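Reader: I have a structure open and have not looked at it before. Can you walk me through it?

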Amino acid sequence: MLTTLLRDSRALGVLAVPLILTQLAQVALTTTDTVMMGLLGTTELAAGGLAIVIFNQIRTMGVGLLTSVGNQIAAAAARAERKTEEGDGSAAGEQAHDEVRSIARASMAVATLAGLAGAVLMILIGQALTWLGQDADVVDLTQTMLFALAPGLLPCLWFQAVRQFTVGMRRPQALLQITIASIAVNAGLNWILIHGTFGLPRLGLTGVGIATSSVYLLSFLALYFSARKDKELAPFLTLDITTADAATVRRLVGLGIPIASTYGSEAGFFSITALMAGSFGPDALAAHTAVNQLVYIAFQVAVGLSHAASINVSRELALGNHDDARRLKNTALACAAAVMAVVGLLYLTIPKLILAPFLDSGSDQALAIATHLLIVTAFLQFFDCAQNIGVGLLRGLDDTKSGFRITLIGYWAVGLPASWLLAYALNLDTLGIWLGLLTGLAATAALLLRRYSRSLSEHARTHATPAVA
């Protein structure tokens with residue numbers, strides 16, 4: 001059994017490791033932003049953190065609309081591979097290749113529509129902050145930063161569309177190189193625009209938003225041109241959304257809306273808790289922002305494993321390998337648990353060192369709150385990873401609706417009431433919010449993983465190969 005686990009882990013790692021490293025490199029962008037904001041002061045960190053929460057809420061839902069693209073392309077590519085191996089003829093193989101092209105083109109159309117709508121929605125949410133009990137100085141800074149972040153949503157989602165295409169084709173390596181380069185560019189632009197070097201105006205917090213939007217555009221262009229240079233990818237990739245097949249767009253949207261709702265449900269869950277933390281003052285919101293960023297960093301391991309497992313489930317089911325799809329759940333969970341155990345140990349043993357990049361220039365009260373939150377986080381992240389892997393596994397089955405329904409129960413029927421009760425009724429303040437988060441994520445993880453096991457068994461029975469007499 002151990003040998004099988006190691007073999008499956010290596011197979012999963014071939015796709016998961018590049019994705020995890022890419023996810024960690026991407027989160028380094030927002031981590032750099034958070035560190036830079038922390039250097040400006042506690043109020044700036046609170047305002048910038050709130051703006052990033054809102055941006056991430058919209059961005060995450062947009063990414064959700066596009067996430068099924070990788071699964072659809074992986075399945076189409078696997079069918080093309082199987083037809084070629086079975087000698088079904090060049091016409092059948094070309095038909096499968098046409099399906100890949102259609103999906104790639106439709107994904108760019110979906111990304112464009114989502115990017116434009118999301119940017120407008122982001123601005124509207126910013127204008128509503130004055131009615132949500134936030135500090136007036138924080139609200140003013142947050143609204144200004146949202147205007148700078150909004151234009152970056154469109155190239156951000158274009159990047160995600162091309163990314164899903166490359167992952168579905170099992171050629172994600174260029175992602176890591178591009179994202180690592182974007183970290184250095186983001187840090188440099190942050191410093192230049194915040195402090196007004198090279199004769200530019202001193203923009204402060206707004207400069208962080210402009211730098212982030214600029215990096216999203218540069219990252220998209222780099223990934224697109226990299227894919228165009230790849231002989232295996234170039235024939236399938238196009239930016240001409242005017243020729244997108246309406247039926248394919250509808251299919252992607254139909255699959256994507258439940259995923260976007262699922263992602264939005266989770267992001268909204270964390271967004272509401274950020275507003276709750278803000279009700280306890282700037283110190284509490286700054287501490288919440290710092291710890292939330294740390295959770296977000298560790299969470300990228302789960303995102304990479306979840307996406308790799310999801311793509312592999314789609315591929316294995318297209319090839320009829322249900323047993324391999326079943327083992328993927330345990331393999332992904334075991335890998336995630338091993339990483340989270342190491343990270344949790346660091347949180348418990350050296351909390352001040354870990355928090356120093358975010359709160360070293362902030363107040364002692366914010367640091368004290370964040371230190372207590374890390375204790376909860378050491379355990380919370382196990383459930384956070386497990387529930388994300390569960391969503392990915394279900395997506396591999398093309399079951400995107402169950403994930404949404406389950407997150408509604410786990411986050412909103414269990415987690416949010418628990419957060420409110422512990423934070424306000426039991427006077428645990430920000431610590432109570434995070435204990436409620438832990439409760440909601442644990443419930444969600446258990447329900448999602450149980451659903452995957454049942455759905456896979458049903459799929460195996462439905463698609464079983466009849467016995468030959």
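Author: Here is a short walk through the chain, starting with the whole and going on to single residues.

Reader: Before that, what kind of model is it?

Author: This is a predicted model, in which local features need pLDDT of at least 70 and side-chain atom pairs count only at pLDDT 80 or more, while totals for chains, interfaces and linings use all residues. Residues are numbered from 1 along each chain as its sequence is written, and side-chain values use heavy atoms, with hydrogens and water left out.

Reader: How many helices and strands does the chain have?

Author: There are 14 helices and zero strands. Helices (H or I, at least four residues) and strands (E, at least two) are DSSP runs, numbered from the N terminus. The radius of gyration is 22 Å, close to the 23 Å that the globule rule gives for 469 residues, so the chain is as compact as a globular protein of that length. That radius is taken over C-alpha atoms, and the globule rule is 2.2 Å times the number of residues to the power 0.38.

Reader: What does the C-alpha trace span along its principal axes?

Author: About 75 × 50 × 40 Å.

Reader: What share of the residues is buried?

Author: Buried residues make up 57% of the 469. Buried means under 20% relative accessible area, exposed over 50%, and partly exposed in between (1.4 Å probe, protein chains only).

Reader: And the surface?

Author: The chain exposes about 19,000 Å², and carbon and sulfur atoms supply 65% of that. Accessible areas come from the Shrake-Rupley method with a 1.4 Å probe; for residues, only the protein chains shown count as cover.

Reader: How many positive and negative side chains are there?

Author: The chain has 29 positive and 29 negative side chains, and the centres of the two sets lie 8 Å apart. Lys and Arg count as positive and Asp and Glu as negative, with His and the chain ends not counted. Each charge is placed at NZ of Lys, CZ of Arg, CG of Asp or CD of Glu.

Reader: Contacts next. How many join residues at least 24 apart?

Author: Of the contacts between residues at least 6 apart in sequence, 83% do. Contact means heavy atoms within 4.5 Å.

Reader: Show me some. What does Val27 touch?

Author: Val27 is in helix α1 (residues 2–40). Not counting residues up to four places away in sequence, Val27 touches Gln293, Tyr296, Ile297 and Gln300. At 4% relative accessibility, Val27 counts as buried.

Reader: What about helix α2?

Author: Two residues there will do. Ser68 sits in α2 (residues 42–86) and is buried, with a relative accessible area of 2%. Beyond its neighbours within four places in sequence, Ser68 is in contact with Leu252, Leu255, Gly256, Ile259 and Arg395. Ile58 also lies in α2, and at 8% relative accessibility Ile58 counts as buried. With residues up to four places away left out, Ile58 touches Gly118, Leu121, Met122, Ile125 and Leu153.

Reader: Now a loop. Where is Leu239 found?

Author: Leu239 is in the loop between α7 (205–229) and α8 (246–278). Its relative accessible area is 37%, so Leu239 is partly exposed. Leaving aside neighbours within four places, Leu239 is in contact with Met108, Phe220 and Tyr224. Leu239 and Tyr424 are 50 Å apart in space, C-alpha to C-alpha, and 185 residues apart in sequence.

Reader: Back to helices. Which residues of α11 are buried?

Author: In α11 (residues 351–359), Pro351, Ile354, Leu355, Phe358 and Leu359 are buried. Seen down the axis of α11, these buried residues fall within an arc of 115 degrees, so they line one face of the helix. The arc is that of the directions from the helix axis to the C-beta atoms.
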